[in-house]
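Subject: Structure for you to look at

Hello,

Here is the structure I said I would pass on. My notes follow it; please read them with the structure open.

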Amino acid sequence: MIYWNSFADFLAMGGYGLYVWGSFGVTALVMVAEPILVARNQRASVARLKRQLRAEQRAESRSPAA
Amino acid sequence: MIDRFNLYRFASPATFYPLAGKLIPWFAAAGVLFGLVGLYIGMLVAPTDFQQGEGYRIIFIHVPTSWMSMFIYLVMAFWAAIGLAFNTRLSGMMAQALAPTGALMAFLSLWTGALWGKPMWGTWWVWDARLTSELILLFLYIGYMALVAAIDDPRRADKAGGILLLVGVVNIPIIYFSVKWWNTLHQGSSVNLTKSSMAEIMLWGMLLMALAFWMYAIAVALARVRTLMLERERNAEWVRKMLSEENA
């Protein structure tokens, strides 16, 4: 079922190792980094908006008009 | 009538935000699953190519990323058209959420193409129709993101970005048909809707990888659109309620 005879063969990719692994490596890097960045942005947004909301609520409760 | 009602309901950020949150893990899981099976078939089971040796295995990334780079652009142009025609709030956010992923797909298409071109053609890059039009697609993505980021009012940014997307959509058929219309170093398509010149096992590997990239793109775009919704609707009641309930 498996096409390769050895792990070394698999890594060598018949002499095309640099090109094949250069393609797969950079793609993997991008597909790991992008979701991490997106999740970090989401957390940062939520944290900042929560801070702003709390600050607003404090200001409202202090002001006599409210 | 029920369909209409549902569509309008989900077009509201207050409904879409939690729905997107629930859908993300499913798309992510589907992406990982398709990716693992696709990699198993493409990298471990599929035999060598009689012309290109093992170098052909770049196809399992190159073709899916190229397809996605074009498909994502079409989806963005679709949202731009909806947004310009019906002035819907969600459309512009959808287009914006897809743009970085589309740009990355275009970049990966060019990157893997260069790494494939070097051993097969003897050059990383040529200014031929297929490669140049794909590079223009990358610039369209970057131009769209820069334009939208440069305009403070989000609704105006959506309008300007939407027009850019609709004008740029002409580039997509140019990319797709470039290998037919011009003499190019790039090979013709191995697969289209009616026929395939690939061995069946290779075709399966490639289609599974394409599905994996598709699911990945949906998951990432849904995650990004949630952040955009929060930011844009930060003064709306549903956002304030959610933020004060600490479960955002």
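B:Gly122 takes a positive phi of about 85°, and this residue comes just after helix H4 of chain B. Please keep in mind that the model is predicted.

H4(B) itself covers residues 89-121, which makes 33 residues. At 1.5 Å a residue, a helix of that length should span 48 Å, and the C-alpha atoms at its ends are 47 Å apart, so the two values agree. H4(B) does have a kink, of about 35°, at B:Ala99. As for burial, 25 of the 33 residues of H4(B) are buried, so the helix is mostly covered, a residue being called buried when 20 or more other C-beta atoms lie within 10 Å of its own.

Next, the contact between the chains. On the chain B side 33 residues take part, and they are in contact with 27 residues of chain A. Four helices of chain B each supply at least two residues of the side that touches chain A: H2 (13-45), H4, H8 (200-232) and H9 (237-244). H4(B) gives the most to that side, with nine residues.

Within chain B, H4(B) also packs against H3(B). The axes of these two helices come within 8 Å and cross at roughly 155°. Angles over 145 degrees count as roughly antiparallel, and H3(B) and H4(B) are therefore roughly antiparallel to each other. The crossing in which H3(B) passes H4(B) is left-handed.

H3(B), residues 59-86, has a further partner in H6(B), residues 154-168; the two pack at an angle of about 130°, with their axes 9 Å apart. H3(B) and H6(B) are therefore oblique to each other. Here too there is a left-handed crossing, with H3(B) passing H6(B). From H3(B) the contact is made by B:Met76, B:Ala77, B:Ala80, B:Ala81, B:Gly83 and B:Leu84. From H6(B) come B:Asp158, B:Lys159, B:Gly162, B:Leu165 and B:Leu166.

Is B:Glu237 buried or exposed? With 9 other C-beta atoms within 10 Å, B:Glu237 is exposed, because a residue counts as exposed at 12 or fewer. B:Glu237 and B:Ala20 are 217 residues apart in sequence, and their C-alpha atoms are 19 Å apart in space.

Regards

Conventions: Residues numbered from 1 in each chain as written. Chains lettered and ligands numbered in written order. Predicted model: local features only at pLDDT ≥ 70, side-chain atom pairs only at ≥ 80, totals over all residues. Expected span 1.5 Å × (residues − 1). Bend = angle between axes of the 7 residues up to and from the residue. Axes fitted to C-alpha atoms, helices over the stretch in contact; angles between N-to-C directions. Parallel < 35°, antiparallel > 145°, perpendicular 65-115°, else oblique. Left-handed = near helix turned anticlockwise from the far one by under 90°. Contact = placed C-beta atoms within 7 Å.
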